[in-house]
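Colleague: Before I rely on any of the labels attached to this model, I would like to go through them one at a time and hear what each of them rests on.

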Amino acid sequence: MELAWRGAELGLLEELLAAVRSGGGRAALVTGSPGTGKSALLGGFAERAGRSGALVLSASASPAETDLPLGVVGQLLSGATGAPARTADGPAALHDVLRHRGASAPAVVLVDDAHHMDEASARCLLYLCGRLAGTGTVLVLSARPASPSPAGPLPLPLAELLRHPRCTPVPLTVLDEEKVAGFLAAPAGGAMDTATARRVAPHWHRFTGGNPRLLHGLLDDHRACRPVRPSRPVAGTAFRRAVTHCLRGAGAPVASVARALAVLAGTATLTLLARLLELPERTVAACLEELDAAGLLDGGRLRHAGIRAAVLEELSAGESAALHTTAARLLYDNGAGPASVACHLVAADTTTGGRPAAPQWAVTLLAEAARQALAGGGARQAADFLRTAHRSGGGEGGELLTMLARAEWEADPAAVVRHLPALERDLAARRPDADDAAGAVGLLLWHGHPAGAARAVSRLGDVDRAGETASALARIHRYVYPSADDDDGGGGRAVTGPGHPAAGPPGDTGEDTGEDMGEDMGEDAERVLASIVYDHAPPVPVAAVLAALLYAGETGRAARWCALTAGADRSRATPARRAAAAAAAAVVHARTGAYDHAAGYAGRALSLLSPGAWGVAIGMPLSAAVLSATRTGAHPEAAARLRVPVPDAMFRTRAGLHYLLARGHYHLAVDRPRAALGDFHACRDLLAGWRLEPRGALDWRAAAAGAQRALNGETGADGTPVAGLTLAERRVAVLAADGCTNRAIAARLYVTTSTVEQHLTRIYRKLRVKSRTDLTALLAARAR
């Protein structure tokens, strides 16, 4: 066995063997922490000694055989060919065998893990160690370092043997960077050339602390990555197994301290560790020294997450829950921050499947930790905290449910769907405050539950702040779902009652024309957008609210809020908020004709959330994407976007109107005028039912007229074929007839060359011409 990184230690043992050949006997004690290579060193020395003709007797002590008398001596004598098994003769048995064979050849006696040796075998080796001179023997023992053991004192014979003055000390420590490079490039087990080994040695040294056993595991994982070799160390199965072996070799107390370190992570202190394990601090300190000597620690903490994961894998569910629960209580009593305590409560709750739930004192703490996490953009962590708190019950059940739904919306809006029925029932059974209702209304509107949103608004208290919130929420509700003025989605009126904040002043008919909604909705929309940028409150369908500004003709204000939303604090921007901001930008750019930018923002919005996570708001990014693709001639892209499933509730919102208009324009562009006219007439019917004027981005009339002309046939009402062309096709036809190239036409009209080619294909088909010459002649005849 080649041990280039242990050349000095091997050389020392070989010097002892050479001295024995000259007469006498020698002894050595190899010490080192678990994983430092004691067994490998003894194996390498045995191999060299055997090649030189020496008799090699070896044994390995085990914790399971500590109570087996003369177990180690029996292993040694079984390797002495022809020697009688005289273990019953007491301490002199092994000495007699070696003395009689010493004249023919030197003997090498190796005992690995001698600290686990049974007491009788220790007496035999102690007897031998004092009489080596006439045996021609090298006695080599390996054991843990002689520092105070957390497992307690060793039996007297073994303690005397390991401290015998005739034993030459051979201490093993973890490898430095140079020796790690030698390990990686060693012919027997290395996987790298010398140059590569030297280059990666610093990373591997930091990852393993120079522990040879961990290096072996890491090397096995590195080989398993073929044909792809990672540039950085990867803690795989072999590495985690090596960590486990090191801890088992260190003994139960050391392993317990390592597990406590893994559980406490960054909050660990000597006092907390001692209280968690109910051990004296001096015992814990001795264990920490052993862990540090084995290279498992860095600055008093487990070296990295891979080691921590390997340590935690050894815990059963019950052990893990008990440690985390105790750690939470200790940290709570010591005034630790809510998040630190809450993480342990969640870990305990997870390992037991939610049974038993967190203690009652922890519910308030979990809620506070969740609020802090949400304020910092940690939506997923907040949701974990709130799930644990909600399972525990308590007096804050309703508020916790609303908070949980809001946190899950931030992390993944699709996950909120399972909470909506319970959320509606809870809001119907109690009177929520303003903040509670605002969060609930936003979630219910987003996922197509306008009736539940209306009931939440109607149950707000009468305090001034609640009244103002109710008024704003009611107008937003009526804007997103205009049909709510006639029904609540369940057959009843959404917002009723004279004097209710949602109702208008006395004599108000409740009809929401564009003029009625414009100013108020512009203010409410800006309030909602401000909450996204500054307060980080959960937004209602943001793109739909932003459309209020566009509908009122406030494109400049919409663009300003779009920029503010996109530039909000990125560290606190959850996927849902980034998606909402991108959707808002897509709507604004599509409205102003910047279709390339609109397509980019729409694609980003749709990639951040799944279709199910968007709820009814999916109509806004989808409509922007479809319209942009249609206007730029990317018809396959538009068709692909139209295949995305949308909820039925979307068509009861203004987002559905935008979607219908975009789909109608696509149908018209690909020569499906009947389908286009159906979408435009659907917009007409919805607006009429909602008593809204078709204006701005929602004006369907010009597009419907174009679809009707296309349906009338290739010859228009004036009897000329050109009347059957769309406005865009007419422009292309005139420029082509004037002799412009496709590229020149594209430059003049600010479209792509492929768009021009598609227009010409449809123009030739509609006008029944085959070339530009025929087109020129036809247009010239029409001009005459």
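Modeller: Let us start with burial, where a residue is called buried when its relative accessible area is under 20% and exposed when that area is over 50%, with partly exposed in between. Please keep in mind throughout that this is a predicted model.

Colleague: Why is C124 called buried?

Modeller: C124 has a relative accessibility of 1%, and because the label buried applies under 20%, C124 counts as buried. C246 is also at 1% relative accessibility and therefore counts as buried.

Colleague: How many disulfides does a search of the whole structure find?

Modeller: The search of the whole structure finds 0 disulfides, where the criterion would be a pair of cysteine sulfur atoms within 2.5 Å.

Colleague: What share of the residues of the protein count as buried?

Modeller: Of the 784 residues, 51% count as buried, and the secondary structure of the protein comes to 38 helices and 7 strands.

Colleague: What makes E9 and R6 a salt bridge?

Modeller: The closest N and O atoms of E9 and R6 are 3.8 Å apart, and since the rule asks for a side-chain nitrogen of Lys or Arg within 4 Å of a carboxyl oxygen of Asp or Glu, the pair forms a salt bridge. E9 is buried, because its relative accessible area is 11%, and R6, at 3% relative accessibility, counts as buried.

Colleague: Are E47 and R51, which form a salt bridge, buried, partly exposed or exposed?

Modeller: E47 has a relative accessible area of 37% and is therefore partly exposed, whereas R51, with a relative accessible area of 61%, is exposed because the value lies over 50%. The closest N and O atoms of this pair are 3.1 Å apart, and the two residues are separated by about one helical turn because they are 4 residues apart in helix 2 (residues 38–51).

Colleague: How are E368 and R371 placed in helix 17?

Modeller: E368 and R371 are 3 residues apart in helix 17 (residues 361–375), about one turn of the helix, and they form a salt bridge with their closest N and O atoms 3.6 Å apart. E368, at 33% relative accessibility, counts as partly exposed, as does R371 at 34%.

Colleague: How many salt bridges does the count come to by this rule, and which residues are linked in a network?

Modeller: The count comes to 21 salt bridges, and D671, E729, R762, R765 and K766 are linked in a network of them. D671 is found in the loop between helix 32 (654–669) and helix 33 (673–690), is partly exposed because its relative accessible area is 27%, and has a positive phi near 60 degrees although it is a residue other than glycine.

Colleague: How do you know that D118 has no salt bridge?

Modeller: The nearest side chain of opposite charge, that of R123, is 8.7 Å away from D118, and because the rule requires a separation within 4 Å, the buried D118 is left without a salt bridge. D118 lies in the loop between strand 3 (107–112) and helix 5 (119–129), and a polar atom of its side chain is 2.7 Å from the backbone nitrogen of L70. Beyond its neighbours up to four places away in sequence, D118 touches E65, T66, L68, P69, L70, G71 and V72.

Colleague: Why is V56 called partly exposed?

Modeller: V56 has a relative accessibility of 26% and so counts as partly exposed, the value lying between the limits of 20% and 50%. V56 is in strand 2 (residues 55–60), and, setting aside residues up to four places away in sequence, touches A46, A49, G50, V108 and L110.

Colleague: Which residues have the most contacts inside the largest nonpolar core?

Modeller: Those with the most contacts inside this core of 96 residues are F45, V140, L184, W204 and L291. Helix 11 (residues 252–264) gives the most to this core, with 9 residues, and a second, separate core of 49 residues includes L443, A453, A602 and V626.

Conventions: Residues numbered from 1 in each chain as written. Predicted model: local features only at pLDDT ≥ 70, side-chain atom pairs only at ≥ 80, totals over all residues. Heavy atoms only, no water. Buried < 20%, exposed > 50% of the residue type's maximum accessible area, 1.4 Å probe, protein only. Lys, Arg positive; Asp, Glu negative; His and termini not counted. Polar contact = N/O pair within 3.5 Å; in protein donor to acceptor, adjacent residues only side chain to side chain. Contact = heavy atoms within 4.5 Å. Core = buried A, V, L, I, M, F, W, Y, C linked by side-chain atoms within 4.5 Å.
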